[in-house]
Amino acid sequence: MSIQTDKIKELVERRKASKIGGGQKRIDSQHQKGKLTARERLELLLDEGSFEEYDAFVQHRCTNFGMDASHIDGDGVVTGHGTIAGRSVYVFAQDFTVNGGSLSKTMSEKICKVMDMAVKNGAPFIGLNDSGGARIQEGIDSLAGYGEIFERNILASGVIPQISGIFGPCAGGAVYSPALTDFTLMVENTSYMFLTGPSVVKSVTGEDVDQEQLGGASVHASKSGVAHFAAHDEQEGIDTIKKLLSFIPSNNREDAPFKETEDRTDRTDDLLNEIIPDSPNKAYDMYKVIRSIVDDGDFFEVHAKFAKNIIVGFAHMNGRSVGIVANQPGVLAGVLDINASRKAARFVRFCDAFNIPLVTLVDVPGFLCGTQQEYGAIISNGAKLLYAYGEATVPKVTVTLRKSYGGAHIVMSCKQLRGDVNYAWPTANIAVMGADGAVGVLYGKEIKAEEDPEKKKALIAEKKKEYDDLFCNPYQAAQKGYIEDVIEPRNTRFRICRALEQLSSKSEGLPAKKHDNLPL
Amino acid sequence: MEAEKVDKQTLAAITMALHLYMTDEVHDTEPFVITIRRKQSFWDDRSRNFRKKPV
């Protein structure tokens with residue numbers, strides 16, 4: 001056997017060894033916990049045969065605490081390039097079988113390398129996290145590693161889409177990388193995210209809480225909003241990431257992939273002509289409206305379990321990817337509160353950064369009132385959504401279905417926030433407030449002065465009708481040019497599709513500035 | 001006409017016609033044709049919409 005053949009044999013052996021990570025025993029342990037290994041996850045995520053691994057032979061350089069006696073090729077993370085549906089992506093997957101996936105300086109260098117490659121090549125970056133946290137033996141080097149990653153997350157923000165999958169523990173400082181990325185997905189029962197674990201919480205605050213209650217997928221998907229998606233298992237998690245990618249472009253200079261559809265733009269839906277209840281206090285399901293107007297009824301919701309009073313997500317209309325933002329009258333009457341404002345603002349900014357037109361469906365009675373909201377800074381949080389819409393330069397098509405009152409009317413992509421095409425259904429009420437509240441303010445003295453209950457009732461009814469006739473319709477706004485047109489509900493799909501085509505060549509800028517100062 | 005001799009589809013059509021008549025249903029007119037042709041242009045070049053650095 002020649003020297004060259006021997007060297008090739010060595011390469012094959014080394015590569016084989018690097019793929020085993022922490023060894024079969026630890027792989028079995030990972031499986032017993034219901035978790036896949038880093039390589040198995042990448043196999044599910046990427047197109048078959050597309051993965052090119054980088055830095056498989058990288059080893060850590062730590063000599064503290066006997067670490068120099070143990071080296072595993074790859075050092076606990078699998079990194080590289082692959083494709084999803086033929087589109088380039090750069091990935092890392094932490095390997096829990098190697099030192100619990102803990103982050104060393106070399107691991108961070110591997111991750112940073114693929115992040116840099118993703119930015120240079122304008123490709124999405126996907127990180128699959130499964131790590132016990134910083135590698136304590138490395139001390140400050142490990143923290144420096146996190147810092148390097150975070151800085152790259154920040155610089156890449158708005159340039160390429162960044163997606164985090166949490167497939168195991170993600171604790172301490174490590175949580176900030178997913179928090180800086182555009183979308184975070186968690187897997188129920190096997191993943192958790194928190195800054196400090198249950199034992200520290202117990203010792204500091206005395207609070208008894210387990211990992212799932214403190215930072216499990218359901219908690220972050222429904223209460224904190226840290227997770228945009230919660231998957232039942234890893235397969236579903238991977239499928240969700242793939243589906244998400246199908247709606248978004250690879251970078252901020254491209255358009256999202258076009259999706260051919262058989263769904264005609266001239267499809268009308270008579271259901272929409274009857275969906276608004278006669279009583280303004282009755283709810284209806286906004287999901288029915290969304291599914292009725294988008295291509296093939298296919299709506300991919302983001303943050304489905306968080307702040308359900310507003311709905312955000314992606315769909316296609318006439319083949320184009322769009323971001324849908326819609327008030328949900330079925331939850332809290334569709335009112336805007338702190339969480340709804342935060343949720344929608346973040347989504348609007350993502351769409352704007354990545355050239356995805358915004359379709360806004362409005363039925364909003366106002367902002368949620370009360371001390372809880374005021375103390376929680378509903379003013380600043382509501383301003384985030386206002387800011388996001390006002391700043392967005394992507395095509396913005398807005399349809400007001402029913403209520404659009406007061407400050408919430410302005411926030412929800414009104415004309416003056418550079419809304420491009422604003423429509424209203426004939427059932428729309430665009431006003432400072434509803435008739436009940438307005439009559440109380442305008443005729444409070446007269447109503448109070450009327451002592452006869454019957455006459456008081458009649459007076460209120462008369463004044464409400466007067467107000468309704470004047471303001472609770474879309475024609476005041478239409479007369480002043482604040483909406484482009486009043487449209488028949490059944491034609492909504494066609495009108496939005498045509499507006500989006502019209503706006504497909506939109507070009508609008510922002511004043512020169514270092515950066516904005518949005519109300520964080 | 002005896003009800004049992006009329007098939008269900010006919011009944012449905014009569015009911016629908018009556019419903020339309022009774023509710024006086026009308027629809028707004030729409031052409032339902034999109035005549036805009038998609039084109040490539042530098043006009044909406046994404047990078048031109050990026051914020052300019054202050055001079």
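The points below describe a predicted model of two chains, A and B, beginning with chain A and ending with the contact between the chains.

1. Overall layout of chain A. Chain A contains 20 helices and 17 strands. Its C-alpha atoms fill a box of roughly 105 × 55 × 45 Å along the principal axes. The chain has 520 residues, and 54% of them count as buried. Among contacts in chain A with a separation of 6 or more, 74% are between residues 24 or more positions apart.

2. Helix 16 of chain A. This helix covers residues 435–442, and its buried residues are A435(A), A438(A) and V439(A). These three lie on the same side of helix 16 because they cover an arc of only 100° around the axis. An α-helix has 3.6 residues a turn, so residues three or four places apart point the same way. On the other side of helix 16, D436(A) and V441(A) are exposed. The cover over the buried residues includes helix 17 (444–449) and helix 18 (453–471) of chain A.

3. K396(A), a buried lysine. K396(A) belongs to strand 14 of chain A, which spans residues 396–405. Its relative accessibility is 0%, so K396(A) counts as buried. Two backbone oxygens lie by its side chain: that of Y389(A) is reached at 2.6 Å, and that of A392(A) lies 2.9 Å from a polar atom of the side chain. Beyond its neighbours within four places in sequence, K396(A) is in contact with residues including L358(A), L417(A), D420(A), L503(A) and K506(A). S413(A) is also one of these contacts; it is 17 residues from K396(A) along the chain, and the two C-alpha atoms are separated by 7.6 Å.

4. N327(A), a buried asparagine. N327(A) is in strand 12 of chain A, residues 320–327. With a relative accessible area of 0%, N327(A) is buried. A polar atom of its side chain lies 3.0 Å from the backbone nitrogen of D363(A). Leaving out residues up to four places away in sequence, N327(A) touches M286(A), N309(A), G334(A), V362(A) and M412(A), among others.

5. Salt bridges within chain A. Over all chains, the whole structure has 38 salt bridges. One of them joins the side chains of D75(A) and R135(A), with 2.9 Å from N to O. This pair links distant parts of the chain, 60 residues apart: D75(A) is in the loop between strand 1 (52–54) and strand 2 (77–84), and R135(A) is in the loop between strand 4 (125–129) and helix 5 (140–156) of chain A. Both partners are buried, D75(A) with a relative accessible area of 1% and R135(A) with 2%. Elsewhere, K35(A), R41(A), D130(A) and E234(A) are linked in a network of salt bridges.

6. Extent of the contact between the chains. Chain A contributes 35 residues to the contact and chain B contributes 21. The two chains bury about 2500 Å² between them, of which 49% is on carbon and sulfur atoms. F32(B), R38(B) and R51(B) supply 30% of the area that chain B buries against chain A, more than any other three residues.

7. Polar and charged contacts between the chains. Between chain B and chain A there are 5 salt bridges and 12 residue pairs in polar contact. The side of chain B that touches chain A has 9 nonpolar, 3 polar and 9 charged residues.

8. R38(B) and E501(A). These residues form a salt bridge, with the closest N and O atoms 2.4 Å apart. The pair crosses between chains: R38(B) is in the segment after helix 1 (8–23) of chain B, and E501(A) is in helix 20 (residues 492–502) of chain A. R38(B) is partly exposed, with a relative accessible area of 40%, whereas E501(A) is buried at 3%.

9. R51(B) and its two partners. R51(B) forms a salt bridge with D516(A), the closest N and O atoms being 2.6 Å apart. This pair also crosses between chains, from the segment after helix 1 of chain B to the segment after helix 20 of chain A. R51(B) counts as partly exposed at 31% relative accessibility, while D516(A) is buried, with a relative accessible area of 9%. R51(B) also forms a salt bridge with E391(A), where the closest N and O atoms are 2.4 Å apart.

Notes. Residues numbered from 1 in each chain as written. Chains lettered and ligands numbered in written order. Predicted model: local features only at pLDDT ≥ 70, side-chain atom pairs only at ≥ 80, totals over all residues. Heavy atoms only, no water. Buried < 20%, exposed > 50% of the residue type's maximum accessible area, 1.4 Å probe, protein only. Helix = DSSP H or I, 4+ residues; strand = E, 2+ residues; numbered from the N terminus. Arc of directions from axis to C-beta. Contact = heavy atoms within 4.5 Å. Buried area = accessible area lost by both parts, 1.4 Å probe. Salt bridge = Lys/Arg side-chain N within 4 Å of Asp/Glu carboxyl O. Polar contact = N/O pair within 3.5 Å; in protein donor to acceptor, adjacent residues only side chain to side chain. Nonpolar A, V, L, I, M, F, W, Y, C, P; charged D, E, K, R; others polar.
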